[in-house]
Amino acid sequence: MNPFQKNESKETLFSPVSTEEVPPQPLSLPKKPPPKICGSNYPLSIAFIVVNEFCERFSYYGMKAVLTLYFLYFLHWNEDTSTSIYHAFSSLCYFTPILGAAIADSWLGKFKTIIYLSLVYVLGHVVKSLGALPILGGQMVHTVLSLVGLSLIALGTGGIKPCVAAFGGDQFEEKHAEERTRYFSVFYLSINAGSLISTFITPMLRGDVQCFGEDCYALAFGVPGLLMVIALVVFAMGSKIYRKPPPEGNIVSQVVKCIWFAISNRFNNRSGDIPKRQHWLDWAAEKYPKQLIMDVKALTRVLFLYIPLPMFWALLDQQGSRWTLQATRMNGNLGVFVLQPDQMQVLNPLLVLIFIPLFDLVIYRLVSKCGINFSSLRKMAVGMILASLAFAVAAAVELKINRMTPPQPGPQEIFLQVLNLADDEVKVTVLGDENNTLLEESLRSFQKMPHYAQLHLKTKSQDFHFYLKYHNLSVYTKHSVEEKNWYSLILREDGKNISSMMVKDEENKTANGMTTVRFINTLHKEVNISLTTDIFLSVGEDYGVSAYITVQSGEYAAVHCRTEDKDFLLNMGLLDFGATYLFVITNNTSQDPQAWKMKDTPANKLSIAWQLPQYALVTAGEVMFSVTGLEFSYSQAPSSMKSVLQAAWLLTVAVGNIIVLVVAQFSGLVQWAEFILFSCLLLVVCLIFSIMGYYYVPIKPEDLQKPADKQILHTQGNVINLETKKTKL
């Protein structure tokens, strides 16, 4: 008899009776059955659990959807650092379920674990939202609050992950196994619904709402935090009607101890005089029961197949990092509506809901009718191939984007443009350290260079000398520049003289996929501009230059402006998606001031719809790999090892995210080459996995049953099969 099995054993039925007198116990009344939903066999308590799961998944996926862009544009990290921290957070979210399961099974029980860790979860959201407020401290404060908040969120979401679904299953009596199976269908539907809705809504809260003159990350993080508060309140409301099984011990720790004892015992008895044993786990027989050792043997056969799996997750989880960054350089205007770069992630849960019934009801049946033995391991291998193809497509899209976007200045390089805001022609000559001519250009009044000029530096920073010829005047001036930057040299008349000022352009001005604008005010009075009802800015007098402002693309025919003594309207015309514009406010006539419009960076031309094939391929691969993999794993291990398998499966996801973190930090590859690297690595892993699967001999489910289990009623069999069914759903 397996002492680690959760069902009652014969020993509990025939426990020793004490000979001491036992005080009389009051008669216990029959336990009142839990309330049901509308007279059915479904406990009312599961309604609280399903709503809790929907709100919690909304909270998690909604926050995660905007996380990469938050790192990039609010904390101003580069793309590699943003990707690394994103995947470090994802990895931590899949390590902490082991901790949550240990706390629930060995100490607090599932109910208290969910309550306490949900409080940690809510605290993490609060800290994360505070870190997104521009008015709260500087860069260091925002970074510290963000990392602390993400750590608390990872502990909260990972800690309750293994508890909520199982706690819902605990609410059913054994005789209602069919209703429990249907409950898991609704439960996993709530997960996909929360993910689908949140990944669509939170990017809108970020991009369509302005806070403090920029994207509203505080709101995009605050709304998911509010949903987590609702999840906690709803779950706590059902406290009095829940069935709360006590902690029964953590089988994961027992498996680890058994394996460790077998290894150490074998090491301590490595003498040639000691007879060998049939299997290395047999060395645990001195301490652990035979049934547990047999179960662990079956488990290790499956865990061996898990070794190549992390590489698949390394590709799949880049939808929220590298693919989102790719979408920022594409045109999200689909005609009917404008899609934010981080909203493309909504395709994954949407396609999952479409592909699961499509594959189960159509594709797999057609393959079966063709006489092809499409086994579980073959499905997983095909899923890997589809994910590899998805990254090959992503690399092709990346190359197409690179051909359509301006180049970026490299080491010891700058890009320079010259704008002539004087009333007559100016000749500009850029001189190097040795007075050699680097650039020479003649510009008429209110004309700029047709494109940025690429200038090379001798060091990381350098002084350039400029020779300006205006009418009969010759003016020499000097400006300092730093490598890898964009600059604009603005020429202006100063009475009868000519002067210049160097303005540093922002890096990746349109990298967030939105339209950006800035203003130069040539008036002698400060101008207050109301771009929209939420976006206001002030531009200083006498050639004041504003910061870049992100706006929605579209027509801006009448933008309200105001000086200290008059109001006027500016016609900014049509602003293309992803372009960068410079507007010079002038007043050369007796009429109201006007805006001279210049396009610094061309609009994004490649439609974001080009990402659809790679999302379709990787989601199809996910359906074939993930759903089939869990179903196969559960069918190949004893029922007592299901929780261990779940923990191991989550660990493969965590390791996959670590792989992305390492590659992003240390590969040094351009993006399209990195996509090709991941695609090739997964193909190699797929080949290794196929060879391992070829020599794997599947175990029939009936062979996993213990002798005592074969006499269990048919209803018990339905309960055992439940874990496979719920995983598939």
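The questions and answers below concern a predicted model.

User: Which residues form the negative surface patch?

Analyst: Patch members need over 30% relative accessible area and no salt bridge. Asp and Glu are the residues counted as negative. The residues that form the patch are E526, E541, D542 and E564.

User: Is E564 buried or exposed?

Analyst: E564 lies in the loop between β18 (559-562) and β19 (567-570). The relative accessible area of E564 is 69%. A residue counts as exposed when this value is over 50%, so E564 is exposed.

User: Which elements give two or more residues to the nonpolar patch?

Analyst: The nonpolar surface patch covers about 510 Å² and is made by L92, F95, V655, I658, V662 and F666. The elements that contribute two or more residues are α4 (79-108) and α16 (642-666).

User: Which element gives the largest share of the nonpolar patch?

Analyst: Among the members of this patch are V655 and F666. Helix α16 spans 642-666. With 4 residues, the largest share comes from α16.

User: What is the relative accessible area of L92, and is L92 exposed or partly exposed?

Analyst: L92 is found in helix α4 and is one of the residues of the nonpolar patch. Exposed means over 50%, buried means under 20%, and partly exposed is in between. L92 has a relative accessible area of 34%, so L92 is partly exposed.

User: How many of the residues of helix α3 are buried?

Analyst: Helix α3 covers residues 67-74 and is largely enclosed by the rest of the structure. The buried residues are L67, T68, L69, Y70, F71, L72 and F74. Of the 8 residues in α3, the number buried is 7.

User: Which residue with a positive phi follows α3?

Analyst: Helix α3 ends at residue 74. The residue that follows this helix with a positive phi, near 60°, is H76.

User: How many residues of strand β4 are buried?

Analyst: Strand β4 (residues 426-431) is mostly covered. β4 runs antiparallel to β5 (residues 437-443), joined by 6 bridges, and also antiparallel to β8 (residues 461-470), again joined by 6 bridges. Of the 6 residues in β4, the number buried is 5.

User: What is the bridge partner of L431 in β5?

Analyst: β4 and β5 form a hairpin with 5 residues between them. In the turn of this hairpin, N435 has a positive phi of about 60°. The partner of L431 in β5 is T437.

User: Which residue in β8 stands opposite T429?

Analyst: Strands β4 and β8 run antiparallel. The residue of β8 that stands opposite T429 is Y467.

Technical notes: Residues are numbered from 1 along each chain as its sequence is written. This is a predicted model: local features need pLDDT of at least 70, side-chain atom pairs count only at pLDDT 80 or more; totals for chains, interfaces and linings use all residues. Side-chain values use heavy atoms; hydrogens and water are left out. Patches are made of residues with over 30% relative accessible area and no salt bridge: like charges are joined within 9 Å, nonpolar side chains (Val, Leu, Ile, Met, Phe, Trp, Tyr) within 5 Å. Accessible areas come from the Shrake-Rupley method with a 1.4 Å probe; for residues, only the protein chains shown count as cover. A salt bridge is a side-chain nitrogen of Lys or Arg within 4 Å of a carboxyl oxygen of Asp or Glu. The place of a charge is taken as NZ of Lys, CZ of Arg, CG of Asp or CD of Glu. Buried means under 20% relative accessible area, exposed over 50%, partly exposed in between (1.4 Å probe, protein chains only). Two strands pair if DSSP finds at least two bridges between them.
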